[in-house]
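Welcome, and please take a moment to look over the model below. We will walk through it together, one region at a time.

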Amino acid sequence: MNFTDIQKLSGLLAKSFAEDFLKLLVNYQTISASEAASRLNLHIKTVQDFLEGLCEVGYLSKEEIIDKKRPYFRYQLVKQAIEINFDINSLIDDRNELLEMKIREQNNSNCLFNVSPKTNEIASITFFVGEGRAKKERKIQLTKNQSKFLFHLPFPTAVPKKVLSIIEENHIEKESTQEIFDLLLILKDNGVIEMLE
């Protein structure tokens, strides 16, 4: 199950009528939206959205029925248990190409690097998002490895360095690369650093 399906399913199960609806689906072999709406005293559109949502995440099947009036769908459970199993690691993109990217601070980035007075590390960074009166300050507290990495970020006038080189030269733990990648993408999106191939 992907994360989008989990969000849809969670939204459906959070409905106040979800438990009664599931009981209804268990008790009836097949049911139409109008039958369910009548039985549960719900608006037909609410019922249709719920049924279609369960179809989208694979818990119901539907069959079109042609009668004299107009076609309609009958719904049937295809799974008797709701299980959510999700590998959180699947959310992490393969960002190994970032290791080879050359980076440096963007000229006129309008970012404040707040250096820790006790160590050669950057404790936090502050930059501004938006324009004019809508401009807001954004401050990011850094992890120890992010702090060490950013302290060695080349200045705007310096020669860009590979991300991997900065990591290796400063003995930054290899296990922390994902958190460094996450920070770099935030900084790139906000014009704090430039990335060169």
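The paragraphs below take up a sheet, the helices on it, the nonpolar cores and a helix pair.

A word on conventions comes before the tour. This is a predicted model, in which local features need pLDDT of at least 70, side-chain atom pairs count only at pLDDT 80 or more, and totals for chains, interfaces and linings use all residues. Residues are numbered from 1 along each chain as its sequence is written, and side-chain values use heavy atoms, with hydrogens and water left out.

Let's begin with the sheet. Helices (H or I, at least four residues) and strands (E, at least two) are DSSP runs, numbered from the N terminus. Three strands form an open sheet in the order 5-6-7, with antiparallel pairing; two strands pair if DSSP finds at least two bridges between them. Strand 5 (112-115) and strand 7 (136-141) are the edge strands, each pairing on one side only. From one strand to the next, the twist averages 20 degrees. Six bridges join strand 6 (residues 122-129) to strand 7 in the antiparallel sense, and valine 129 stands opposite lysine 136 in strand 7.

Now for the helices on this sheet. Angles run from 0 to 180 degrees between N-to-C directions, and axes are lines fitted to C-alpha atoms, for helices over the stretch in contact. Helix 5 (residues 144-151) lies across strands 5, 6 and 7, at about 75 degrees to strand 6. Helix 7 (residues 177-189) lies across strand 6 and strand 7, at about 30 degrees to strand 6.

Which residues have the most contacts inside the largest nonpolar core? They are Ile103, Ile125, Phe149, Leu150, Val163, Leu184 and Leu187, in a core of 25 residues. Such a core is a set of buried Ala, Val, Leu, Ile, Met, Phe, Trp, Tyr and Cys residues joined through side-chain atoms within 4.5 Å. Helix 7 gives the largest share of this core, five residues. A second, separate core of 22 residues includes Ala36, Leu40, Leu51 and Val57.

Finally, look at helix 2 (residues 18-27) and helix 3 (residues 33-40), whose axes come within 11 Å and cross at roughly 125 degrees. That angle makes helix 2 oblique to helix 3, because angles under 35 degrees count as roughly parallel, over 145 as roughly antiparallel, 65 to 115 as roughly perpendicular and the rest as oblique. Contact here (heavy atoms within 4.5 Å) is made by Asp20, Phe21 and Leu24 of helix 2 and Ala36, Arg39 and Leu40 of helix 3.

How values were computed:
Buried < 20%, exposed > 50% of the residue type's maximum accessible area, 1.4 Å probe, protein only.
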